[in-house]
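Thanks for coming. I will keep this brief and start from one residue before going to the whole chain.

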Amino acid sequence: MNSELIEQLNIPLGANGLPYTIPIHPNLVHLTLGLFIIGIIFDIVGVLFPTQKWVFKFLGITVERDNFFDVGWYNMVGSTVITFFTVGAGFYEMFLATPTPEIKSAWGLQAMQTMLWHGVGGVFLLGLIAVMTLWRAWQRYVWSLAEDKQVQWSYLAAGIAIMFIMYIHGTLGAQLAAEFGVHNTADSLLRLGEDLNNALK
């Protein structure tokens with residue numbers, strides 16, 4: 001059904017099954033992950049700063065506690081913004097995917113099941129990241145006005161839990177590329193019986 005619709009839209013696709021050379025979604029995923037993880041880590045360092053202050057003095061690094069919280073806040077905002085594009089690009093590339101149906105992943109799922117879970121998981125994570133950013137904004141501009149630290153331990157615990165969900169979700173995405181060959185140029189060329197040495201010159 002996808003291939004018929006693509007033909008009707010007259011979209012020229014490359015060897016990777018996309019109208020462009022490098023898939024966009026996997027690259028944006030790493031921005032989402034990096035910004036979110038850095039945001040949580042810097043907030044953790046900010047909360048623990050009084051006990052670690054001597055380390056920064058020993059290393060000759062001039063830093064204030066608020067600097068860590070600033071990094072945590074701006075990374076969380078950046079993660080939310082980029083995740084809208086990550087999810088959008090993911091659904092577009094999923095729409096153009098034509099995985100092999102008879103293969104099963106290491107988790108025992110077929111390609112369509114894996115794509116479905118990965119797509120639903122992406123929307124779920126977008127919601128979680130957006131809620132975390134709202135929670136972070138409330139802590140930064142309301143709650144922390146009467147506190148020494150800018151984030152609560154419950155917020156940090158939720159962030160660590162979301163990182164674990166990201167790991168599960170990311171594994172599904174990796175399986176789509178590595179095990180099912182979705183938008184994998186080399187895999188597609190091999191299925192077509194092409195010589196990689198000549199095709200990828």
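Apart from neighbours within four places in sequence, histidine 169 is in contact with His118, Gly121, Gly122 and Leu125, where contact means heavy atoms within 4.5 Å. This is a predicted model, where local features need pLDDT of at least 70, side-chain atom pairs count only at pLDDT 80 or more, and totals for chains, interfaces and linings use all residues. Residues are numbered from 1 along each chain as its sequence is written, and side-chain values use heavy atoms, with hydrogens and water left out.

Histidine 169 sits in helix α5, residues 153–178. Helices here are DSSP runs of H or I with at least four residues, strands are runs of E with at least two, and both are numbered from the N terminus. Is histidine 169 buried or exposed? Histidine 169 is buried, at 14% relative accessible area. The cut-offs are under 20% for buried and over 50% for exposed, with partly exposed in between, using a 1.4 Å probe and protein chains only.

Tyrosine 167 is also in α5, but tyrosine 167 is exposed, because its relative accessible area is 55%. Tyr167 belongs to a nonpolar surface patch of about 640 Å², with Trp107, Phe124, Phe164, Ile165 and Ile168. Helix α5 gives the largest share of that patch, 4 residues. Areas are Shrake-Rupley with a 1.4 Å probe, and for residues only the protein chains shown count as cover.

Now the whole chain. The protein has 7 helices and 0 strands, and 37% of its 201 residues count as buried.

Conventions. Patches are made of residues with over 30% relative accessible area and no salt bridge: like charges are joined within 9 Å, nonpolar side chains (Val, Leu, Ile, Met, Phe, Trp, Tyr) within 5 Å. A salt bridge is a side-chain nitrogen of Lys or Arg within 4 Å of a carboxyl oxygen of Asp or Glu.
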